[in-house]
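This report walks through the fold of one protein chain. It takes the helices, the nonpolar cores and a few individual residues in turn.

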Amino acid sequence: MGLELRHLRVFAALGKELHFGRAADALHLAQPALSKIVQQLEAEIGTPLLLRTTRRVELTEAGKAFLDETSTIEAQIEQAVASARNAARGIRGELRIAYTDFAINGRLPHFLRDFAAAHPQIRLNLIFMPTTSQHMALLQQTIDVGFMIGEFRHKTTSCITFDEDEYVALLPASHPLCRETSLTLEQLADENFVLGTGENWAAFRTRLFAECRSRGFFPNIVLEASNSEGIFGLVVAGVGVTIYSSCVGNLPRQGVEVRPLRNVSSKLPVTAVWGRNHKSQVLDRFINLLRRSALNETKQNTANG
C-alpha cells in the first residue's frame, strides 16, 4: 500500500484528540472511514499504534514514537507548500545580480539593502563582473540582472538608467594641481595615468578615451590595476593620476585628492539590464522596485537642480 499523506494527517488528529469521533469531525470524515485508514496504517507499519477500549483511546509506545516523527514530517510538508506558494508569488527565491566597481560604490548597496529588507526570503547572489562580461552573461542567462556602465541594447534585453555620476580627477595628495579647486581634462594631458585594465575596465576606458581624444590627447598610461583599490593605491604612491567616477566620494581614500572636471559635461551612467522575456516573479518584484527607485531619483535630482 505505502504510506500516504492522508495516513499521517489522520494519525496526527487521533494523536491530538485521542477520540475517534472528535478526530473524524476535525477531519470531516466519517468515523468508519477514519477507522479503516488507521487499520491500513497499522498494517503497513506492522504493529499496533493505538490501544482502543470502549471508554478511551491511548497511544502505544510505537504510536508515540510514530506521532513524534510524523509531526516533524507534517511541519516540513506545510513548509514546502508555503515555500512553493511564496515562490509562485515572487516572495521567495534567488536573484543572480552582477555589478561593476562604479555600481557597488554608488547607491546600489542602499537599493539592495532596501530590497532585502522588504523581501527577506529572496536570496541575492552578488557577482562582481565587468560590463562586457555582463553582456554575455545576460545573453547566456547565467545572471538575472546586471548593473553595468552604459546601455546594452539587444532584442532580448530591457534596461533602465539606475545611477549617473560625474567624471572626476584623482590626484596624489602632493600633486601641484591639488591647489586647484577644479580642473579641465586638458590640464591632465601631460600627466602619467594609472587606469583599470582593459580586460576589466573596457567600457569605462572607451568612454574616457573618447573624452580625451575630443580634447586632442591620449592618456599616457604607465600602470594598470584590476580593481579600484589597486588604482587608488597607485595614485597614493604617486605613480600617476586617474579619472574616476564621482561615486568615489562614498569611499575612504587617504592620500588621494578628488577634483571635479568642469569642462566634462557627459555623465557616467550605471544601467540595470535584464532579460526581456524572463518568467520570474522574483525578478518582476526586483524590476518594479528598480523602476520606482529610478523615478524617485529623477524627481529628487530635478528638485535639487
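Buried means under 20% relative accessible area, exposed means over 50%, and partly exposed lies in between, with a 1.4 Å probe and protein chains only. By that scale, Leu18 is partly exposed, with a relative accessible area of 35%. Leu18 sits in the loop between helix 1 and helix 2. Its phi is near 55°, a positive value in a residue other than glycine.

This is a predicted model, in which local features need pLDDT of at least 70, side-chain atom pairs count only at pLDDT 80 or more, and totals for chains, interfaces and linings use all residues. Residues are numbered from 1 along each chain as its sequence is written, and side-chain values use heavy atoms, with hydrogens and water left out.

**Overall make-up**

The chain has 10 helices and 12 strands. These are DSSP runs numbered from the N terminus: helices are H or I with at least four residues, strands are E with at least two. Of the 305 residues, 43% count as buried. Contact means heavy atoms within 4.5 Å. Among contacts in the chain with a separation of 6 or more, 74% join residues 24 or more positions apart.

Helix 1 covers residues 5-17 and helix 2 covers residues 20-27. Helix 3 covers residues 31-45. Axes are lines fitted to C-alpha atoms, for helices over the stretch in contact, and angles run from 0 to 180 degrees between N-to-C directions.

| Helix pair | Angle | Axis separation |
|---|---|---|
| Helix 1 and helix 2 | about 130° | 9 Å |
| Helix 1 and helix 3 | roughly 110° | within 10 Å |
| Helix 2 and helix 3 | about 100° | 9 Å |

Angles under 35 degrees count as roughly parallel, over 145 as roughly antiparallel, 65 to 115 as roughly perpendicular and the rest as oblique. Helix 1 and helix 2 are therefore oblique to each other. Helix 1 passes helix 2 in a right-handed crossing. A crossing is right-handed if the near helix is turned clockwise from the far one by less than a right angle, and left-handed if anticlockwise. Helix 1 brings Arg9, Val10, Ala13, Leu14 and Glu17 to this contact, and helix 2 brings Phe20, Arg22, Ala23 and Leu27. By class, the contact of helix 1 with helix 2 has six nonpolar, no polar and three charged residues. Here Ala, Val, Leu, Ile, Met, Phe, Trp, Tyr, Cys and Pro count as nonpolar, Asp, Glu, Lys and Arg as charged, and the others, Gly among them, as polar.

Helix 1 and helix 3 cross at roughly 110°. That makes helix 1 roughly perpendicular to helix 3. Arg6, His7, Val10, Phe11 and Leu14 of helix 1 meet Leu34, Ile37, Val38, Gln40 and Leu41 of helix 3. This contact divides into seven nonpolar, two polar and one charged.

Helix 2 and helix 3 pack at about 100°. Helix 2 is thus roughly perpendicular to helix 3. Phe20, Gly21, Ala23, Ala24 and Leu27 of helix 2 meet Gln31, Leu34, Ser35 and Val38 of helix 3. The classes are six nonpolar, three polar and no charged residues.

**Nonpolar cores**

A nonpolar core is a set of buried Ala, Val, Leu, Ile, Met, Phe, Trp, Tyr and Cys residues joined through side-chain atoms within 4.5 Å. The largest one holds 60 residues, and Phe147, Leu188, Ile243, Tyr244 and Phe286 touch the most other members. Helix 10 (residues 281-304) gives the most to this core, with seven residues. Apart from it lies another core, of 18 residues, including Val10, Val38, Leu41 and Leu59.

Which residues does Leu188 touch, not counting those up to four places away in sequence? Among them are Ala169, Leu171, Phe193, Phe217, Ile243 and Leu261.

**Individual residues**

Gly150 lies in the loop between strand 5 (145-149) and strand 6 (157-165). Gly150 is buried, with a relative accessible area of 3%. Beyond four places in sequence, Gly150 contacts Arg207, Pro269 and Thr271. Glu164 is in strand 6. With the same exclusion of neighbours within four places, Glu164 contacts Lys267, Leu268 and Pro269. The C-alpha atoms of Glu164 and Gly150 are separated by 9.8 Å, and the two are 14 residues apart along the chain.

Gln141 lies in the loop between helix 7 (131-139) and strand 5. Gln141 is exposed, with a relative accessible area of 62%. Its phi is near 60°, a positive value in a residue other than glycine.
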